Amino acid sequence: MISTDVYKAADLLSKGEVVGIPTETVYGLAASIYSEKAIRKVFEIKQRPLDNPLIVHVASIDQMETLTKDVPEKAYRLAGAFWPGPLTLLLPKSIDVPGLVTAGKPNVAIRMPGLGLTRELIATAGVPIAAPSANPFGRISPTTAEHVARYFSNEIPLVLDGGPCRSGIESTIIGFEGEEPIVYRLGSLSLDEIEAKVGKVQLRNKKEVAPDAPGMLSRHYSPKTPTVLCDDLVTAIANRTEKKIGVIALQNEVAGENLVQKVLSPKGDLKEAAQQLYAAMHELDQSEVDVILIERMPESGLGVSINDRLERAAQGE
Ligand code: TXA
Ligand code: MG
């Protein structure tokens, strides 16, 4: 069921099947936007409410243009700078996009993935591909084909294997009010990189201020194991009473007994940390630890996006 055969995956997609696909950010649960049956199946097996729309993946700007209208000039500027790549643009949809995909909303979320294999798949299938992250609603996103197979091997015929995702957290989502860009979800493209292209942008990534971005629930990206975000791991460990503690640290292991530890980047590189994060969470969630403690990242560059995910993963604990 895990396969590297891009033609087989494309064939299944064009026949209205749901397949797992790699991208540079996380793996997706993919369907042709024109197959109502496949799109319904995506919502169903992900247990995703029908009012939470899907991102559409394209292989070219031409394809994007058939799916949208009235594209702001700054959207073209951002696409020019960051596509193919981990940037999703919210744009007014054309009549070509079925309402089921956008959950009845007037905008469609579109991105051109950075992984060449994904674009080859879309071009071969010959249709735009809707794909949410390939995890059950609220759970940790998958960054390997094996993660997808573990979640969905009974429900889908194939996962296309593109290796471990090189970015490791989801795309950054940007919408527009007139020409003004608004960031609705922090992600693999950092705020600094975006602002270097289009100037200061508004951040509206909390549910209270972004009722239009239904995916931004506070608890999300969560392991089954209770997960705690820590400013200081040493103090946090000293205060825990659990028998077996999982630890995810940025740079250095911590001294202590009964710890199962993951270091995200020995050299403290936040890009590497983002790339490693979900795999570390998956691994500790599979192991027999009673709690997972995760170190807060420095609040700069990609650290801002990683901390956003960690806050959601730890919500309610
Ligand atoms: O990196 C990514 O973006 C991955 C890969 C597979 O491309 N996809 C992904 O999809 O993270 P998903 O469905 O897990 O998250 C998409 C988010 C959701 O919060 C959804 O509510 C929002 O985008 N979204 C999608 N279409 C939208 C629309 N038309 N209007 C507003 N929000 C939208
Ligand atoms: Mg998701």
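**Exercise 1. The surroundings of ligand 1**

Find the polar contacts that hold a place in the shell of ligand 1, then describe how that shell is made up.

*Solution.* Start at Asn107: one of its polar backbone atoms is 2.8 Å from a nitrogen atom of ligand 1. Keep in mind that you are working with a predicted model.

Next, look at the oxygen atoms of the ligand. A polar side-chain atom of His57 lies 2.6 Å from an oxygen atom of ligand 1. For Ser133, a polar side-chain atom is found 2.8 Å from an oxygen atom of ligand 1.

Then ask which elements supply the shell. Those that give two or more residues are β4 (55–57) and β6 (107–111). The most comes from β6, with four residues.

Finally, count and classify. There are 25 residues around ligand 1, and those that come nearest are Thr25, Arg48, Asn52, His57 and Ser171. By class, eleven residues of the shell are nonpolar, eight are polar and six are charged.

**Exercise 2. An aromatic pair**

Search the whole structure for aromatic pairs, and work out how to class what you find.

*Solution.* The search gives one aromatic pair. Its partners are Tyr151 and Phe152, with 6.0 Å from centre to centre and 55 degrees between the planes.

To class the pair, use the angle. Planes under 30 degrees apart would be stacked and planes over 60 would be edge-to-face, with the rest tilted. At 55 degrees, the pair of Tyr151 and Phe152 is therefore tilted.

**Exercise 3. The buried side of a helix**

List the buried residues of helix α2, say what they pack against, and then follow the chain past the end of the helix.

*Solution.* Helix α2 covers residues 36–46, and its buried residues are Ala38, Ile39, Val42, Phe43, Ile45 and Lys46.

To read the spacing in that list, recall that an α-helix has 3.6 residues a turn, so residues three or four places apart point the same way.

As for partners, the buried residues of α2 pack against β3 (28–32), β7 (129–130) and α6 (145–152).

Past the helix comes Gln47, with a positive phi near 55 degrees. Gln47 is not a glycine, and its place is in the loop between α2 and β4.

**Exercise 4. Buried or exposed?**

Decide whether Arg312, Leu233, Thr118, Gln47 and Asn258 are buried or exposed, and place each one in its setting.

*Solution.* Take Arg312 first. Its relative accessible area is 5%, so Arg312 is buried. Arg312 belongs to helix α10 (residues 302–314), and a polar atom of its side chain lies 2.9 Å from the backbone oxygen of Asn205.

Leu233 is in helix α8 (residues 233–238). With a relative accessible area of 5%, Leu233 is also buried. Setting aside residues up to four places away in sequence, Leu233 touches Val247, Ile248, Ala249, Val254, Leu293, Ile294 and Glu295.

Thr118 sits in helix α5 (residues 116–125). Because its relative accessible area is 1%, Thr118 counts as buried. Beyond its neighbours within four places in sequence, Thr118 is in contact with Ile21, Pro22, Thr23 and Pro113.

For Gln47, the relative accessible area is 57%, so this residue is exposed.

Asn258 has 52% relative accessibility, so Asn258 is exposed as well. You will find Asn258 in the loop between β13 (245–249) and β14 (259–263).

**Exercise 5. Backbone angles**

Inspect the peptide bond from Trp83 to Pro84 and the phi of Asn258.

*Solution.* Begin with omega: for the peptide bond from Trp83 to Pro84 it is near -10 degrees, and the bond is cis. Pro84 is part of the loop between α4 (73–82) and β5 (87–92).

Turn to phi next. Asn258 is a residue other than glycine, and its phi is positive, near 55 degrees.

Terms used
Residues numbered from 1 in each chain as written. Chains lettered and ligands numbered in written order. Predicted model: local features only at pLDDT ≥ 70, side-chain atom pairs only at ≥ 80, totals over all residues. Heavy atoms only, no water. Buried < 20%, exposed > 50% of the residue type's maximum accessible area, 1.4 Å probe, protein only. Polar contact = N/O pair within 3.5 Å; in protein donor to acceptor, adjacent residues only side chain to side chain. Near = heavy atom within 4 Å. Nonpolar A, V, L, I, M, F, W, Y, C, P; charged D, E, K, R; others polar. Phe/Tyr/Trp six-rings, centres within 6.5 Å; stacked < 30°, edge-to-face > 60°. Contact = heavy atoms within 4.5 Å.
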